[in-house]
Structure formats: structure tokens, C-alpha cells
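Here is a short briefing on one model. Please keep the sequence and the 3D view open while you read.

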Amino acid sequence: MSFRLTALTDPTASPLSRRLAWLAAAPDGTPLGSAFLRLFTSPGQAHLCELALDVHPAERRRGAGSALLAAAVAAAREDGRGSLLAQAVEGSPGDAFLSARGFERALVLDFGRLDLAAPLSGAAPASASASTSASEIPPGYRLVSWVGSCPGEWLSAFTRSRTAMDDMPMGDTVFGAVAWDEDRVLAAARAVADRGELLHTVAALETATGELVGFSELVLPADRSGDAQHYGTAVQPAHRRRGLARAMKAEAIRWTRTEHPGITGLLTDTADHNTGMLAVNRALGYRSTHRSVEFRLSLLR
């Protein structure tokens with residue numbers, strides 16, 4: 001099939017990455033597919049890039065996807081990247097496409113959803129109810145929360161708490177170290193706000209020290225309806241196995257039900273070998289919807 005590739009300018013600015021884009025089109029200009037290559041700009045991730053590639057189902061198996069992939073791989077190598085990540089639903093055509101082109105399965109993610117539109121019943125998990133009881137919060141801790149950017153009084157402690165993500169199970173993705181400072185914390189919150197979305201954060205405070213030892217972030221869509229997305233939940237290693245992750249997520253559920261009844265579901269994704277967080281999700285009522293594979297392609301010759 002005859003087609004042409006056109007490099008596009010991505011108008012979306014990000015403090016954490018930059019993107020390259022290509023459009024595959026038929027001779028008459030009909031779009032066939034697209035590819036977006038995200039080049040991470042953090043020093044600890046300068047070796048890494050991430051690809052999102054899509055071809056219209058009716059136009060597949062005609063070479064457009066392979067051409068888009070070749071353009072992205074060439075650009076990534078020219079930029080000095082060592083690894084290319086791409087994600088596809090397990091068992092999908094994308095899974096087969098990437099597997100056939102030298103990508104290795106690096107991580108499997110379990111995607112789950114909590115149905116907030118379903119009526120509560122006596123059989124529902126306690127943490128999915130309309131309130132978070134004090135008994136759910138372990139002794140020696142209390143929860144604090146905010147909407148949007150982190151308040152100045154918590155900014156330093158919240159920035160330190162982000163290291164709780166450093167040992168998050170990432171399989172063989174070699175995702176690199178993400179160094180958080182206060183500027184990056186504020187920039188990430190601004191990026192959400194600039195999209196019109198709403199960031200809600202719950203953090204666990206150790207009362208004896210005043211330190212924030214865990215956090216859970218939830219992002220609501222711009223129209224405050226439909227499904228909201230969990231961005232991350234983590235607890236510092238010394239404070240794990242005490243129920244803090246469950247307590248923070250339970251508070252996010254309570255807040256969403258109370259403040260934003262237009263939100264009908266909460267989405268989360270968890271590495272399939274992160275058994276602790278998977279157990280928390282199940283206890284809160286999240287149900288698995290599908291699994292997705294994180295693929296990695298080495299770009300080193």
C-alpha cells in the first residue's frame with residue numbers, strides 16, 4: 001500500500017518530557033495511523049523514551065505501523081536513547097505487533113475499576129462506604145489532604161515522601177530514577193491543572209515526627225464526570241504493612257463520593273507482582289478489567 005509519513009509538531013509542553021509525532025496518510029490525505037514518541041528529560045531517565053502507536057483497524061497489515069515504528073526507533077537512536085517502551089493490552093493486535101518486532105515483555109499491569117455508581121449494600125467493603133472511620137487509620141498517624149498544588153506548609157515533607165515510589169515494582173522496564181524536588185512537585189500539579197483536571201492528594205502524617213510517610217493521588221477529569229484515575233499510591237518502607245495505603249485510598253473514595261457525585265468510577269493500574277497493592281485494591285472493591293503488557297526494546301546496537 002502506498003502511504004506517506006509526515007512529522008508533526010506537538011503543541012503540548014511538558015516540564016518532564018518532550019514529544020515527537022508522525023502521521024501516516026494515504027495518497028489522498030486520509031489518515032491511517034499515528035505515532036507519538038515521548039523523550040523523557042529528567043537526568044535519571046535520559047536513556048529512556050516511550051512510544052504510543054496506533055493504526056486504524058481497517059488499515060492494519062499494510063505496512064503503516066512498521067513504517068511509523070521505524071521512524072520512531074530512528075529518532076530515538078538519533079537522540080541517544082537506549083531503551084524504548086510501549087504498552088499494549090494483553091492478547092490484543094498491539095501485543096502481537098510488538099512481540100513480532102523484537103520487543104520484550106518487561107512488565108504486566110493489572111487494571112482495575114471501582115464502580116461508584118453501584119448502590120452500596122451491606123456486602124460492600126467497609127472502605128467503599130460513604131465515610132472513612134478513625135478505626136481505619138493506624139494508631140500514630142493521621143490523614144491530611146488537599147486539592148491542586150501542595151500547600152506550602154506540606155511542600156517540603158511531601159517532596160521527601162515521594163521517595164516512597166523509588167522501589168515500586170517495575171519489572172524489567174529499567175524505568176530509571178526519578179528525582180523529585182519542590183519545583184518538580186509543583187510543576188506536575190500545574191500540568192494537571194492546565195488540562196482542566198483536578199488533582200486530589202491524601203497523605204499519611206506520622207504524628208510523632210510530623211513527617212508525611214505516604215501519599216495517594218487521584219486525578220478527576222475536566223468535566224468532573226465519568227471515571228477518575230489514580231496516579232500513584234506509596235508508603236515509605238519503614239511504615240508499610242500497617243494499613244496506610246488502604247486508609248489513604250479509602251479517604252480518596254469517601255471524598256470523591258461526597259464532593260463529586262458525577263464521578264462514576266475510579267481507575268487504577270498495578271504491577272501484577274505487586275501483591276500488596278493488589279490486595280488493597282481488592283479489599284476496597286476494585287475489580288480487574290484487563291491486563292496490559294509493558295514492552296521494552298533495546299536500542300543499543
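At 39% relative accessibility, Arg 18 counts as partly exposed; buried means under 20% relative accessible area, exposed over 50%, and partly exposed in between (1.4 Å probe, protein chains only). The model is predicted: local features need pLDDT of at least 70, side-chain atom pairs count only at pLDDT 80 or more, and totals for chains, interfaces and linings use all residues. Residues are numbered from 1 along each chain as its sequence is written, and side-chain values use heavy atoms, with hydrogens and water left out.

**Salt bridges**

- The structure holds 14 salt bridges. Each is a side-chain nitrogen of Lys or Arg within 4 Å of a carboxyl oxygen of Asp or Glu.
- Arg 18 pairs with Asp 79, with the closest N and O atoms 2.7 Å apart. The two sit in distant parts of the chain, 61 residues apart: Arg 18 in strand 2 (residues 17-25), Asp 79 in the loop between helix 1 and strand 5. Helices (H or I, at least four residues) and strands (E, at least two) are DSSP runs, numbered from the N terminus.
- Asp 79 is partly exposed, at 31% relative accessibility.
- Arg 62 bridges to Glu 59, with 3.5 Å between the closest N and O atoms. Arg 62 is partly exposed at 44%, while Glu 59 is buried at 18%.
- Arg 105 and Asp 95 also meet in a salt bridge, 3.5 Å from N to O. Arg 105 belongs to strand 6 and Asp 95 to helix 2, so the pair ties together parts 10 residues apart in sequence.
- Arg 105 is partly exposed, with a relative accessible area of 43%. Asp 95 is buried, at 9%.
- Shared partners join Glu 90, Asp 95, Arg 105, Asp 272 and Arg 291 into one salt-bridge network.

**Second largest pocket**

- The second largest pocket has a volume of about 620 Å³. Its lining counts 22 residues, and the closest to the centre are Leu 53, Arg 60, Pro 93, Gly 94 and Phe 97.
- Elements giving two or more lining residues are strand 4 (48-55), helix 1 (64-78), strand 5 (83-89) and helix 2 (93-99).
- The lining has 11 nonpolar, 6 polar and 5 charged residues. Ala, Val, Leu, Ile, Met, Phe, Trp, Tyr, Cys and Pro count as nonpolar, Asp, Glu, Lys and Arg as charged, and the others, Gly among them, as polar.
- On a 1 Å grid over the protein atoms alone, a pocket is an open set of points with protein on both sides within 12 Å along at least five of seven lines; lining residues have an atom within 4 Å of a point. Points are joined across faces, edges and corners, and the volume is the space filled by probe spheres set on them.

**Helix 6**

- Met 277, Leu 278, Val 280, Asn 281 and Leu 284 are the buried residues of helix 6 (residues 275-284). They fall within an arc of 155° seen down the axis, so they line one face of the helix. The arc is that of the directions from the helix axis to the C-beta atoms.
- Thr 275 and Arg 282 are exposed on the other side of helix 6.
- Cover for the buried residues of helix 6 includes strand 6 (104-115), strand 10 (226-235), helix 5 (244-259) and strand 11 (263-271); contact means heavy atoms within 4.5 Å.
- Gly 285 follows helix 6, with a positive phi near 105°.

**Helix 3**

- Buried residues in helix 3 (residues 152-161) include Trp 154, Leu 155 and Phe 158.
- Their cover includes strand 7 (141-147) and helix 4 (182-194).

Notes: 1 Å grid on protein atoms, 1.4 Å probe; cavity = no way out; pocket = protein on both sides within 12 Å on 5 of 7 lines; lining within 4 Å.
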